[in-house]
Amino acid sequence: MGRYRLLAALGIGATASVFGIRLLLTKQAAIARRRIGKPLGEESLDADRVWRRAFEGEPIELLLLGDSLAAGLGAERRKQTLGGRLAKGLAARMHRPVRLRTVAVVGAESPDLAAQLDAVPEGYRPHVAVIVVGGNDVTHRIPTSVSAQHLDDAIRRLRAQGAEVVVGTCPDLGALRAVPQPLRRLAASMSRRLAEVQAETAAQAGAEAVDLRRAVGPMFLDEPEEMFSLDRFHPSALGYRRTAEALLPAVCRSVERLTPPVRR
């Protein structure tokens, strides 16, 4: 009977430990929410327009989907948003005007991608779509398999319309200094795993993935004051610039792959 008592005691101890960890993480999440707050509000700047009109030819149609990062929350000017920077950069590389359309929504998760596509006007056909989503999936503990399925559905839906697709994978949430330890380490691990699954999903669905954790994550870790905006959660103008620079080569390659090609 001693063995069974020991096993029972270990079981009770393990349960208590799990409960204690969950309680600690819940408290730390509340601390993080208080520290971050919503000093930026919940509305991003409207950067939708034709960029670089002086170039000749019909505009390249660029569509942005996803969460607040894709929407550009934290930027102080339209040209500083992720969409604005991508549109300007793409226009300069291709020597063509670029018409930006943003359906990304602040606070969105991967399951919201379908509704964002539903919001696109009937008959609209983007040449290239950029999807950046995942941070809220991690903070709201959406199962990775669910996130991947919704991303897959969105990519295949866009590909069926003839669009090229670029996916910016989930950023490294371990860079968020406002989140206390050990919650930050857990968020870093979860965001890394989601990014890996997103990259696999993108490749299987015919999209090109850009690993934002590797491409810009170290900059956010090393220069948080410069790379983050007021709330220490969303990128600053410099943060969006670096993120756009990481995504732009893939966006340009996508346009070059179009059939029929978009002429310069």
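Predicted model: local features only at pLDDT ≥ 70, side-chain atom pairs only at ≥ 80, totals over all residues.
Arg 49, Arg 52, Arg 53, Arg 77, Arg 78 and Lys 79 together form a positive surface patch. One of these residues, Lys 79, sits in the loop that runs between helix H2 (68-71) and helix H3 (82-94). The relative accessible area of Lys 79 is 36%, so this residue is classed as partly exposed.

A patch of negative charge is found as well, made up of Asp 222, Glu 223, Glu 225 and Glu 226. Within this group, Glu 226 belongs to helix H10, which covers residues 224-227. With a relative accessibility of 43%, Glu 226 is partly exposed. Eleven residues separate Ala 237 from Glu 226 in sequence, and their C-alpha atoms are 8.7 Å apart in space.

The cysteines complete the picture. A disulfide is a covalent bond that links the sulfur atoms of two cysteines. Searching the whole structure for disulfides gives a count of zero. Two cysteines can be described by their accessibility. Cys 170 has a relative accessibility of 0% and is therefore buried. Cys 252 is also buried, because its relative accessible area is 5%, under the 20% cut-off.

Technical notes: Residues numbered from 1 in each chain as written. Heavy atoms only, no water. Disulfide = S-S within 2.5 Å. Buried < 20%, exposed > 50% of the residue type's maximum accessible area, 1.4 Å probe, protein only. Patch = residues over 30% accessible without salt bridge, like charges linked within 9 Å, V, L, I, M, F, W, Y side chains within 5 Å. Areas by Shrake-Rupley, 256 points an atom, 1.4 Å probe, with all protein chains shown as cover. Salt bridge = Lys/Arg side-chain N within 4 Å of Asp/Glu carboxyl O. Lys, Arg positive; Asp, Glu negative; His and termini not counted. Charge placed at Lys NZ, Arg CZ, Asp CG, Glu CD. Helix = DSSP H or I, 4+ residues; strand = E, 2+ residues; numbered from the N terminus.
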